[in-house]
Amino acid sequence: MGIIAWIVIGLLAGAIAKFIMPGKDPGGIIITMLIGIAGGLLGGWLGKVIFGVDSIDGFFELSTWIAAIAGSLILLALYRLITGSRHSHRHA
């Protein structure tokens, strides 16, 4: 797949991850989109390393979308964990 396809998948995967894990995130929509793009790449890499499958088969393959959404969820959770602890120290 080309880079444009990965950007589109990442943007959509980030939106889906945000829908699955609603809440207020510092950084807004731009950060969520970047997390989605990076999460898509992370999910594809994890699918290959952990399960030995090529989860980057094509734009319309279910495995590609599952990997991208899973990666986005992982990164979104890590982002909230890191930024949440940083914000709680400021207000304390």
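**View 1. Leu75 and its partners across the fold.** Leu75 is in contact (heavy atoms within 4.5 Å) with Ile35, Ala38, Gly39 and Leu42, leaving aside its neighbours within four places in sequence. The model is predicted: local features need pLDDT of at least 70, side-chain atom pairs count only at pLDDT 80 or more, and totals for chains, interfaces and linings use all residues. Residues are numbered from 1 along each chain as its sequence is written, and side-chain values use heavy atoms, with hydrogens and water left out. Leu75 sits in helix α3, residues 62-91. Helices (H or I, at least four residues) and strands (E, at least two) are DSSP runs, numbered from the N terminus. The C-alpha atoms of Leu75 and Gly39 are 6.0 Å apart, although 36 residues separate the two along the chain. Leu75 has a relative accessible area of 22%, so it is partly exposed. The classes are buried, under 20% relative accessible area; exposed, over 50%; and partly exposed in between (1.4 Å probe, protein chains only).

**View 2. Ser72, a buried residue of helix α3.** Ser72 lies in helix α3. Ser72 counts as buried because its relative accessibility is 0%. What does Ser72 touch, not counting residues up to four places away in sequence? The list is Ala13, Gly14, Ala17, Ile35, Gly36, Gly39 and Gly40.

View 3. Thr83 belongs to helix α3. Is Thr83 buried or exposed? Thr83 is buried, because its relative accessibility is 6%. The Thr83 side chain reaches the backbone oxygen of Tyr79 at 2.8 Å. This is a polar contact: a pair of N or O atoms within 3.5 Å, where within protein one must be able to donate a hydrogen and the other to accept it, and residues adjacent in sequence count only if both atoms are side-chain atoms.

**View 4. Two more C-alpha pairs.** Ala70 is placed in helix α3. Ala70 is partly exposed because its relative accessible area is 35%. Ile9 is in helix α1. Its relative accessible area is 0%, so Ile9 is buried. Ile9 and Ile37 lie 7.2 Å apart, C-alpha to C-alpha, and 28 residues apart in sequence.

**View 5. The nonpolar surface patch.** Ile4, Ile7, Val8, Leu11, Leu12, Ile29, Ile30, Met33 and Leu34 make a nonpolar patch of about 770 Å². Two or more residues each come from α1 and α2 (28-51). Helix α1 gives the largest share, five residues. Ile30 is in helix α2. Patch residues have over 30% relative accessible area and no salt bridge; like charges are joined within 9 Å, nonpolar side chains (Val, Leu, Ile, Met, Phe, Trp, Tyr) within 5 Å. A salt bridge is a side-chain nitrogen of Lys or Arg within 4 Å of a carboxyl oxygen of Asp or Glu. Accessible areas come from the Shrake-Rupley method with a 1.4 Å probe; for residues, only the protein chains shown count as cover.

**View 6. The whole protein, with its confidence.** The protein has three helices and zero strands. From the N terminus the order is α-α-α. Of its 92 residues, 29% count as buried. The protein exposes about 5700 Å², and carbon and sulfur atoms supply 76% of that area. Among contacts with a separation of 6 or more, 72% join residues 24 or more positions apart. The mean pLDDT (the predictor's confidence in each residue, from 0 to 100) is 76. A pLDDT of 70 or more is reached by 76% of the residues. Which element has the lowest mean pLDDT? That is α3, at 77, while helix α1 (residues 3-20) has the highest, 82. Where pLDDT is low, predicted coordinates should not be read in detail.
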